Amino acid sequence: MGALGVNDLDRETKLEEIEKLTSSSVLHGSESLCNLLRFLARQTLDHPGSAVKEYQIATEVFGRPADFDPRLDSTVRVQTGRLRSKLAEYYASDRIEDRVIVEIPRGSYHVIFHYREPELRVPAPEPVIEPVAALTPRHSPRQWITTALVSLIAVMSALALDFALRPAFQRSPSTESPDALQHLWLQFFDGPEPPLVVYSNAAFVGRPETGLRYYNPALDTNTVILDHYTGVGEVMAIHELDNLFASWRRDMRLKRGRLLTWDDAKASNMVFIGSPSENLSLREIPGTDEFAFKVATDGPRKGDLSLVNTHQRAGEESVYFSSPAVPIREDYGVVGLLPGLSATRHALILAGLTTLGTQAAVEFVCRPRRVEEMLAALGTQPKGSIPTFEALLKVKVSGGVPVQSEIVAVHRHP
């Protein structure tokens, strides 16, 4: 049967397909993605031929404020990309009974419906399941490292090309950037080189296909450490910072935590992404101390990472944990503006108890209104100097995505 366009299926059939997708295992628990799919489908059906605006999606689906700026906030693009990937994952599984395919074409925010092409579906061969112990790696360690290096070079080349091709009419930080955002960030560009963004890469042992876990020094003394993994929140954080800096025609340098040197740390303005449990470089240099990352040694959350409030004030808790259930519904993050390792340098620590809290902390300092709110809590004048401080954020998480953050406490350093 040939492919049919959006007008060849009745409305009821289309909506049934949408509800089938939102109740599938692929989208189960992803409330934000389900809401996005329903919204795009209804907009397509109710307003055929009319393009949905990114601003409309941001404010009506994700609850972004009226001053939402898609140049500073990539939520809609990121979430639509995730939804597009989830749909592809759903239809890649063995679901021959699904005659109707739902797709979101790249570069658009509308939904198309068409019939499956039966002749293009070739049954996959039945896999041979062997005991894990009997499996041998398909590639040597040298081949794995080579593949990883090639992938990294390709990604960095794409980022470089993207930056080079960005239009010259993007905003200048000296004229059009919101005051609060500019006030916080431009101090990180006062050095001879762009700020150094240090992202986490925790120590793991094992392999993804046979079981990957955190390195335990008590158990893994002679085990090879894998340090080339990082969290989803850290990836999204780099994307946020890249968008923000590019809108100002500014650059940044990237380095994973385990490769940071003392020379780097002393000479650079630095932005640390991730807590000391993941960003191991923070175990070697001064970090946050008003809200300190510590593993609980007793109580019902023994062994869990916590944020300890070392100078508790009225109305504040002495210790903060992320929600114990999976998926995570609530997390905490820290924004810490600290002195650099030399007198003329600055350091900014953006970290959460989980990778989602880390993402939320970075997004917080990339939003003009949130930065303005934070500086107001510090009592900082619009053009006055910003004292070193630490801010604690409470983060609401839905569908594996931080959707709302609020300031719980702000402590100036003595």
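Predicted model: local features only at pLDDT ≥ 70, side-chain atom pairs only at ≥ 80, totals over all residues.

Student: How many bridges join β8 and β9?

Tutor: Five, in the antiparallel sense, with β9 spanning residues 305–309. Phenylalanine 291, for instance, has asparagine 309 in β9 as its bridge partner.

Student: What about the sheet with β11 in it, what's the strand order?

Tutor: β6-β3-β7-β12-β11-β13-β14. That is an open sheet of seven strands with mixed pairing. At its edges are β6 (253–256) and β14 (401–412), each pairing on one side only. From one strand to the next, the twist averages 20°.

Student: How do β11 and β13 pair, parallel or antiparallel?

Tutor: Antiparallel, over eight bridges. β11 covers residues 330–339 and β13 covers 389–398. Aspartate 331 has valine 395 in β13 as its bridge partner.

Student: Which strands does helix α10 lie across?

Tutor: β11, β13 and β14. The helix, residues 368–378, runs at about 20° to β14.

Student: Switching to the cores. Which residues touch the most other members in the largest one?

Tutor: Trp185, Leu241, Val271, Val335 and Phe389, out of 36 residues in that nonpolar core. Helix α7 (residues 232–247) gives the most to this core, with five residues.

Student: And what does valine 335 touch?

Tutor: Leaving out residues up to four places away in sequence, its contacts include Leu348, Ile349, Leu350, Val365, Met374 and Phe389. Glu390 is also among them.

Student: What lies apart from that core?

Tutor: Another core, of 32 residues. Its members include Val26, Leu37, Leu45 and Tyr109.

Student: New topic, helix packing. At what angle do α2 and α4 pack?

Tutor: About 90°, with their axes 10 Å apart. Angles of 65 to 115 degrees count as roughly perpendicular, and α2 and α4 therefore fall in that class.

Student: Which residues make the contact?

Tutor: From α2 (residues 31–46), Ser32, Leu33, Leu36 and Leu37. From α4 (residues 75–92), Gln79, Thr80, Arg82, Leu83, Lys86 and Leu87.

Student: How does the contact of α2 with α4 split by class?

Tutor: Five nonpolar, three polar and two charged residues.

Definitions and conventions:
Residues numbered from 1 in each chain as written. Heavy atoms only, no water. Core = buried A, V, L, I, M, F, W, Y, C linked by side-chain atoms within 4.5 Å. Buried < 20%, exposed > 50% of the residue type's maximum accessible area, 1.4 Å probe, protein only. Helix = DSSP H or I, 4+ residues; strand = E, 2+ residues; numbered from the N terminus. Contact = heavy atoms within 4.5 Å. Axes fitted to C-alpha atoms, helices over the stretch in contact; angles between N-to-C directions. Parallel < 35°, antiparallel > 145°, perpendicular 65-115°, else oblique. Nonpolar A, V, L, I, M, F, W, Y, C, P; charged D, E, K, R; others polar. Pairing = 2+ DSSP bridges.
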